[in-house]
Amino acid sequence: MLEVQNLLVFYENALAVNDLSLSVEEGEVVGVFGSNSAGKTTLLNTIAGLTLHLQNRERRRGGMRITLGGRILFEGEPIEGLSPRARVERGVVLCRERHPVLKDNTVEENLRLGGYLRSRREVKQGLEEAYALFPPLLRLRRRKAGMLSGGEKEMVAIGTALMARPKLILMDEPLLGLSPLMQSEVVRGAREISKKGVTVLISEQYARPVMPIIDRGYVIENGSQVVAGTGKELLENPEVKSAYFGV
Ligand SMILES: Nc1ncnc2c1ncn2[C@@H]1O[C@H](COP(=O)(O)OP(=O)(O)OP(=O)(O)O)[C@@H](O)[C@H]1O
Ligand SMILES: [Mg+2]
């Protein structure tokens, strides 16, 4: 479904993604693991088109130089030249890191915004699905999103991404800063999303909490792949185990 080939992202002087290749098959849940600055966000932002958008903006302003290389194929077609919106239209939807929500808007307004490319009927159905997936959101739907806890914000962020009806959802560190209880709620949500037929690419610093739901994973360091394999293979790799499983 998704094929990333020899991806390169160079921010002025920092090589954020270095000749990285990975693939995600339809129906899979695939993990990308790496420590701070490994390149996880850059990778997901580049797949979603945000890096290209930033590059174009910086060019117009005469600001930072960003160099992009490599190919990104989605359902067999190159998407690396498309705008973020065109990628959303094809079904590639990013849920950004650190629980992004519009603070002054209510939960439901945030969710509706995610469905901006969808019909009224699809938005209605999407809202019902988001509330079924994360029941606390129904109770909180008129609350300003800025008032919510980190875990609740993450539910809103994921719900908002789902409103766009993704075929592939890119989740950037959805567990960041959440309590173990909230982490398991979000992991449960990701599993439900996958069961509904959405393919999932999920980044995290640590592999352990998402281990029960991933089919395969990639470990990246300094923008390059160091190991790839099934969950079991990653667990059996001593280096990966000590660095990304916290044992
Ligand atoms: N907009 C930017 N401008 C310049 N350099 C950037 C930019 N975004 C990221 N970088 C650099 O690219 C590298 C990869 O950063 P990235 O945010 O992709 O890592 P990450 O794996 O998501 O880290 P974290 O776990 O902290 O979220 C870092 O060295 C970072 O400083
Ligand atoms: Mg990041």
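Visitor: Leaving aside neighbours within four places in sequence, which residues is G126 in contact with?
Guide: M163 and R165. Bear in mind that this is a predicted model.

Visitor: Where does G126 lie, in terms of helices?
Guide: In helix α5.

Visitor: Is G126 buried or exposed?
Guide: Buried. Its relative accessibility is 6%, and buried means under 20%, so G126 counts as buried.

Visitor: How far apart are G126 and V29?
Guide: In sequence, 97 residues. In space, C-alpha to C-alpha, they are 21 Å apart.

Visitor: Switching to pockets. What volume does the largest pocket have?
Guide: About 630 Å³.

Visitor: How many residues line the largest pocket, and which lie nearest its centre?
Guide: The lining has 22 residues. Nearest the centre are V93, L94, R96, G114 and T160.

Visitor: How does the lining of the largest pocket split by class?
Guide: It has 17 nonpolar residues, 3 polar and 2 charged.

Visitor: And the second largest pocket, how much space lies in it?
Guide: About 280 Å³. Its lining is made of 13 residues. E129, L162, R165, K196 and V198 are the closest to its centre.

Visitor: Which helices each give at least two residues to the lining of the second largest pocket?
Guide: α5 (120-133), α7 and α8 (180-195). The largest share, 4 residues, comes from α5. That is the helix that holds G126.

Visitor: New topic, ligand 1. How many residues surround it, and which are closest?
Guide: 15 residues surround ligand 1. The closest are N36, S37, K40, T41 and T42.

Visitor: What does K40 place by ligand 1, and at what distance?
Guide: A polar side-chain atom of K40 lies 2.7 Å from an oxygen atom of the ligand.

Visitor: What about E173?
Guide: An N or O atom in the E173 side chain is 2.9 Å from an oxygen atom of ligand 1.

Visitor: And A38, backbone or side chain?
Guide: Backbone. An N or O atom of the A38 backbone lies 3.2 Å from a ligand 1 oxygen atom.

Technical notes. Residues are numbered from 1 along each chain as its sequence is written. Chains are lettered from A and ligands numbered from 1 in the order in which they are written. This is a predicted model: local features need pLDDT of at least 70, side-chain atom pairs count only at pLDDT 80 or more; totals for chains, interfaces and linings use all residues. Side-chain values use heavy atoms; hydrogens and water are left out. On a 1 Å grid over the protein atoms alone, a cavity is a set of points where a 1.4 Å probe fits but cannot get out, and a pocket is an open set with protein on both sides within 12 Å along at least five of seven lines; lining residues have an atom within 4 Å of a point. Grid points are joined across faces, edges and corners, and a volume is the space filled by probe spheres set on the points. Ala, Val, Leu, Ile, Met, Phe, Trp, Tyr, Cys and Pro count as nonpolar, Asp, Glu, Lys and Arg as charged, and the others, Gly among them, as polar. Buried means under 20% relative accessible area, exposed over 50%, partly exposed in between (1.4 Å probe, protein chains only). Contact means heavy atoms within 4.5 Å. A residue is near a molecule or strand if one of its heavy atoms lies within 4 Å of it. A polar contact is a pair of N or O atoms within 3.5 Å; within protein, one must be able to donate a hydrogen and the other to accept it, and residues adjacent in sequence count only if both atoms are side-chain atoms.
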